[in-house]
Amino acid sequence: MKEQKSIPTSKMQRSARFVATGFKVGGNYIKHYSKKLFNPELNTDELNLDNASDIYQSLSELKGSALKVAQMLSMDKNILPKAYSDQFSLSQYNAPPLSGPLIVRTFSKYFGKLPEQIYDHFNIKSTNAASIGQVHEAILNGKKLAVKIQYPGVGDSISSDLKMVKPFAFRLLGMSRTELEIYMTEVEDRLLEETDYELELRRSIEFSEACKDIDNVVFPKYYPELSRKRIITMDWMDGQHLKEFMAGSPSVELRNRIGQALWDFYNFQQHELRAVHADPHPGNFLITAEGKLAVIDFGCIKEMPDDFYYPFFALTSTDLLNDKEGTIRAFKELQMILPRDNAIQTETYYKAYKEMIFLFAQPYLYDTFDFGKTEYFDQLYAYGEKIARMPEFRQARGVKHFIYVNRTNFGLYNMLHQLGATVKTDTFKPQLNQNKLA
Amino acid sequence: MTTAEELQNAYVDYVLTHGAKPKSVYIFAKENNLSEQEFYNFFGSFAGIEESIWTHLISKALTEVQAQEVWAQYTAREKTLAFFYGFIELLKSKRSFALYTLKDKTTGTPQLLREAKNVFEIFASDVIQQGIETRELADRRFFSQRYKDALWVQFGFIINFWSMDSSANFEKTDEAIEKGINVTFDLFERSALDSLIDYGKFMVNNGGFKQKMKF
C-alpha cells in the first residue's frame, strides 16, 4: 500500500481508517474513538456496501481468533460507518454451530458423562453463538444455567489465524509490519487468554467476588465442579441488552443508576484491582428486571502494570498537566513521545497529546459528570477531526497497553453516553500514592 | 470357560508386550490354557482375531451411541458424527494395538478391516436410507447407492488422521471429524450438483447433442 501523504478525502478512505480502532493508539486512537463517541448521525449511507462485504468476506473465511478481531473492530456501531459495522457484526453470528454429537463428545471427554447425566435438562440447541464458543441452556435442581462450550482447536489456531489477518490489517491500517507487530502480539495474548476457560473461570470467580460490594452490579454464580477446560457453567441471567433497555425508554433515575454501576464497576477495577474487564462490548452486559447491571463475561482481562498505571493516571488526575517538563517525561514513559523526536516534533506531540489527555480526563475533574451531553463528545469529535488532519499522527504511538485500556475507557464512555447517564465520578479515584512522578 | 473377548484381550496383550505375533497358534493357545482345537472354535487365525477386534470396536461404538437418549432425535448427519466420536473415543483405549495392526500399508481396504467394513456399511446404509426418507439427503440415481462408499472413505481418512494425530486428547481428530463429515453430508444434500446432473441429462437427451458436437 502506498504511503499516505494526503488527507484521505473520500468517505470510503476515511472509513477505512476508522477500522483501525482496535489497533491504533494514542492520538490516532482517540481520533477514531471520538468519531464513534460522537455521533450517531455520521452519514454512512454513501459508503459502498460492496466494499464492506468484500472485507467481511475475507474475514469470514477465517474462524476463531480472526472473528474475534472482527468483533473487536465492530465493537460499536457508531465508530464504524454503518455498512462496515453491519457486515462486521455479522461475524458474531456466523461461526458454524457445533454439531449435537460434538457437544455430547465434549462432555463425555471432559466429564466422562453425557450432558443429560450431568444436568436435569440440557438443551442441545445453542441459544447464543460466540466466535469461540456457544451457549446452551441447562437446568439443574430447578435452577436455570448457562453452559458455555468452546469450539475444539480454537487455541491452536489463533496464532495461525492472526498470521492470516495480518496482511489484511496492514492494508487496512496502512501500518508497517514492525509497528503492527507489537500491537498484534498484545491482541494475540489477550485472545489466547480468552480461549483458556480454566483461567476465565478462575478470574470470573475472583472478579465477581472482588466486585461484589459495588452497588447495583450483579454477577452470575459460577460452578467450578460443572466446568472444565472447554466448558463453563454459570447461572443463567435474565435481562435486556443495552439496546433493548434503551428502547423501553427507561427513567432518568434508572439510567443514572445503571450508568453509575458501570462507572463504579470499571473504576473500582482500574484503581483498586489494577486489572480490568477489557471487553466493554454491550453484549457482555445485561440489565436485569430489578434495574441492576449483570456482568456476564470475564474472558478478557487487561492487567495494568505500574509503569503504565502511574504515568497515565498521574496525567489525568493530578496537576501534572500544568507542569510541562513533567508531562513530557510522562509522555516519554508512555512512548507517546519517542527518543528520536526532535524539538519541534516533541512540541507538536506534547500539545496534541496534552489536549487529548485533557479531554479524556474531563469526567475525572468534577465530582459528577453528565455523559449524556453532546458538547463533550462534540469536543472529542472536533479533536479527532483535527488530529486526522495532522500527518504526524499517521503512525502508531504509545505503549501497547493503550490498546485495551483505551478500548475499555472509551467503550465505557460510549456506553454511558448511550445511556445518557449522569454519574458521580469520584467514587473510585486513581490511587497515585506511590507516584514516582509526584 | 474362555470367551472370544477374553481371547481377544489376551492376544492384544501378547502382541503389545512382545511387539510381535505369537509364534504359533499352539503356543498362544497353550499360554491361555486352551487346546489348539479350542482356539479354532473362536478364530481361524491370528489375522482373524485382529479382524474381529476391529469389528467388535465398531459394533460396540454403535451400541453405545445408539443407547444415548438423544440418538432418536438425531438427523442422519448427526448420527454419523455421533458414531465417529464414539468410535474414536473407544479406539483411544486400544490405540497401541490399532497402530500396530495398521502399520502394514496396503492400498484399498486391508483384509484387516473387511469385516469391520461390512458392519460399518450396514450402519451407513441405514442412516443414509433414513436421511433420504426424511428428505435430509438428496436421492440421486446411481449416486445414492455410493453414499456409503463416500462414508467409508471418510472412515479411512479419519482413522489415518487419528493415527498420526499427536494433539492432546486427539482434539484435532475431533475437528477432522466435524469438518469432514459435514462436508460429506453437504455433498449428499441437494445442491448445485443435482442441477448440473439434471442439466447434463437434459442436454444429452435433447437435440442430438452428441451428433452435432464438432469434437
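The model is predicted: local features require pLDDT of at least 70 and side-chain atom pairs count only at pLDDT 80 or more, whereas totals for chains, interfaces and linings use all residues. Residues are numbered from 1 along each chain as its sequence is written, and chains are lettered from A and ligands numbered from 1 in the order in which they are written.

Chain A contains 18 helices and twelve strands, where helices (H or I, at least four residues) and strands (E, at least two) are DSSP runs numbered from the N terminus. Of its 438 residues, 46% count as buried; a residue is buried if 20 or more other C-beta atoms lie within 10 Å of its own, exposed if 12 or fewer, and partly exposed in between, with C-beta atoms placed from the backbone. Two residues are taken to be in contact if their C-beta atoms, placed from the backbone, lie within 7 Å. Among contacts in chain A between residues at least 6 apart in sequence, 72% join residues at least 24 apart.

At the interface, 13 residues of chain A are in contact with 15 residues of chain B. Helix α6 (residues 100-111) of chain A supplies the largest share of the chain A side, namely seven residues. By class, this side comprises six nonpolar, four polar and three charged residues; Ala, Val, Leu, Ile, Met, Phe, Trp, Tyr, Cys and Pro count as nonpolar, Asp, Glu, Lys and Arg as charged, and the others, Gly among them, as polar.

Strand pairing in chain A was also examined, two strands being paired if DSSP finds at least two bridges between them. Strand β1 (residues 121-122) of chain A pairs with strand β3 (residues 133-140) of chain A in the antiparallel sense over two bridges, and Phe122(A) has Ala138(A) as its bridge partner in β3(A). Strand β3(A) is in turn joined by eight bridges to strand β4 (residues 143-150) of chain A, and these strands run antiparallel. Within this pair, Ile139(A) is bridged to Lys144(A). The hairpin of β3(A) and β4(A) has two residues between the strands, and Asn141(A) takes a positive phi near 50° in this hairpin.

In chain B, helix α7 (residues 114-133) has 20 residues and reaches 28 Å from its first C-alpha to its last, close to the 28 Å expected at 1.5 Å a residue; the expected span is 1.5 Å times one less than the number of residues. Its buried residues include Phe120(B), Phe123(B), Val127(B) and Ile128(B). Seen down the axis of α7(B), the buried residues fall within an arc of 135°, so they line one face of the helix; the arc is that of the directions from the helix axis to the C-beta atoms. The cover over these residues includes α4 (46-67), α5 (76-92) and α8 (143-164) of chain B. On the other side of α7(B), Arg114(B), Asn118(B) and Glu133(B) are exposed.

Arg135(B) lies in the loop between α7 and α8 of chain B. Its phi is near 65°, a positive value in a residue other than glycine, and Arg135(B) is exposed, with 10 other C-beta atoms within 10 Å. Asn33(B), in the loop between α2 and α3 of chain B, likewise is not a glycine and has a positive phi of about 55°. Asn33(B) is exposed, with 8 other C-beta atoms within 10 Å.
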